[in-house]
Amino acid sequence: MFKHFSGVIKAKWIVPVAIPPLPNGWLRLLEGRITEVGTGDYPQVSIDLGDVALLPGLVNSHTHLEFSGLETPIGYPGISFTDWIQLVIKSRGNANEPGVSTEMNQVDVIAKGLKELTDTGTLLAGEISTPPSHYEFKKSSAKLVTFSEILGLRPERYEERLRASEDHLRSSDWSGVSPHAPYSLSPAALLKVIHQSQISGRPLAMHVAESPEERELLTTGAGSMAELLQSIGAWEPDVFPWGKQPFAKLIEQFAGLRSVFLIHGNDFNQAEIQQVAANQHITVVFCPRTHHFFRFANHPIREMLRSGLRVVLGTDSRASNPDLNLWKEVQFLLNHYQDIPPGEVLKMATLWPAEAFRISFPEMPRIGAIQPGFMGQLGSVATTATNLQHLYRDLSQADYSPVELA
Ligand SMILES: [Zn+2]
């Protein structure tokens, strides 16, 4: 990527994201930073990229790189969420067993995931990690915000994770906390994690309202998720149910935090969407292809957007998605949610997540749009379009590649 490039670049289209696409566009860079953007003929063009649309670098708001060694997702399309969790627990158990030869060790797996992010144009990702994890950034231009995952319904399980999380927040500037999910963490531990986020000012990311079974567990204390917890010996009788309005209570608990990422929100109802939308520091992460893998009911993304809620995109992991290419999530929405304006879909993968991360990390270089003051790390998509309709059709079909200038 042209980190220190100075000069003028021209392309058939510039898609600044913050404003509508510019045909026959150009941008001027100084030392890798954008200083000017325009359209029409420019006298001193350094590089003409020709028949491409230039876009900002991508921001992937939700990954678990520990699963990057998988060639195909765990389970099969349409698998029930609880069956899938069972298979994930089993695969994690196998990988950790001494003497079991796994194809790759964890360090290599994470490096592979990081390379995949870089190769597909992701500049920044929100990564759920189990510290101490090793991330090899030397060969990568992708930056990660690593959220330390805390799991456990019993103190003997979560206390150790809470200590690891404290250490993680101290040892890494680009860090946050991740109470895994309402079904896997005790409310007592959740309060402690919220406290960690509050005093550190770091962001919190939590899987919330992913499946109807989760709501059933939280409101009744029964259902297939309760059965799963019992079958793996993790059931804690005093933890569930939470009450009639579990998510309303949860969202209230996040009130004093600086920045919160609610991952999935597949099962939020209208009242919960309104409540989240009233909290500007809360962002919902939608993972379209993972959502599709489980064949969940329609995601309420349209209601979320109408309510003014900030929705951003994530790939989730290779345990539920064939790859970590965020552009494929953009294309999934462009092709399967055609009533959502394409300009909004592009913002979900660039400008909006960049803004959501900057709430906690104001010193982060500006990315996510092509406009003066922003970093010139960009991607391109082949197009010969002469109008907006054709441009968006090409974006929905052609690959995105990071722009490299020698
Ligand atoms: Zn996840």
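**Aromatic pairs and a zinc site**

Tyrosine 42 is buried, as its relative accessibility is 16% (buried is under 20% relative accessible area, exposed over 50% and partly exposed in between, with a 1.4 Å probe and protein chains only). The model is predicted, so local features need pLDDT of at least 70 and side-chain atom pairs pLDDT 80 or more, while totals for chains, interfaces and linings use all residues. Residues are numbered from 1 along each chain as its sequence is written, and side-chain values use heavy atoms, with hydrogens and water left out.

Now for the rings. The structure holds 15 aromatic pairs (Phe, Tyr and Trp rings, the six-membered one for Trp, with centres within 6.5 Å; planes under 30 degrees apart are stacked, over 60 edge-to-face, the rest tilted). One of them joins tryptophan 26 to tyrosine 42, a tilted pair with 4.3 Å from centre to centre and 50° between the planes. Tryptophan 26 sits in strand 2 (residues 22-30), whereas tyrosine 42 belongs to the loop between strand 3 (33-39) and strand 4 (47-48), so the pair ties together parts that are 16 residues apart in sequence. Helices (H or I, at least four residues) and strands (E, at least two) are DSSP runs, numbered from the N terminus.

Phenylalanine 247 and phenylalanine 268 make an edge-to-face pair, because their planes stand at 80°, with the ring centres 5.8 Å apart. This pair, too, links distant parts of the chain: phenylalanine 247 is in helix 7 (residues 246-253) and phenylalanine 268 in the loop between strand 11 (260-264) and helix 8 (270-277), 21 residues apart. Phenylalanine 247 is buried at 0% relative accessibility, and phenylalanine 268 is buried at 5%. Elsewhere, one aromatic cluster brings together Phe81, Trp84, Tyr183, Phe293, Phe294 and Phe296.

Then there is the metal. The zinc ion has His62 (NE2), His64 (NE2), His207 (NE2) and Asp316 (OD) as its protein donors, at 2.0 to 2.8 Å (donors are N, O and S atoms within 2.8 Å of the metal, or 3.2 Å for Na, K and Ca; water is not among the atoms, so sites may look incomplete). Along the sequence, these donor residues follow the spacing H-x1-H-x142-H-x108-D. The arrangement is irregular, because the angles subtended by the four donor atoms run from 85 to 171° (four donors are tetrahedral if all angles lie between 85 and 135 degrees; four are square planar and six octahedral if opposite donors are over 155 degrees apart and all others between 65 and 115; anything else is irregular).
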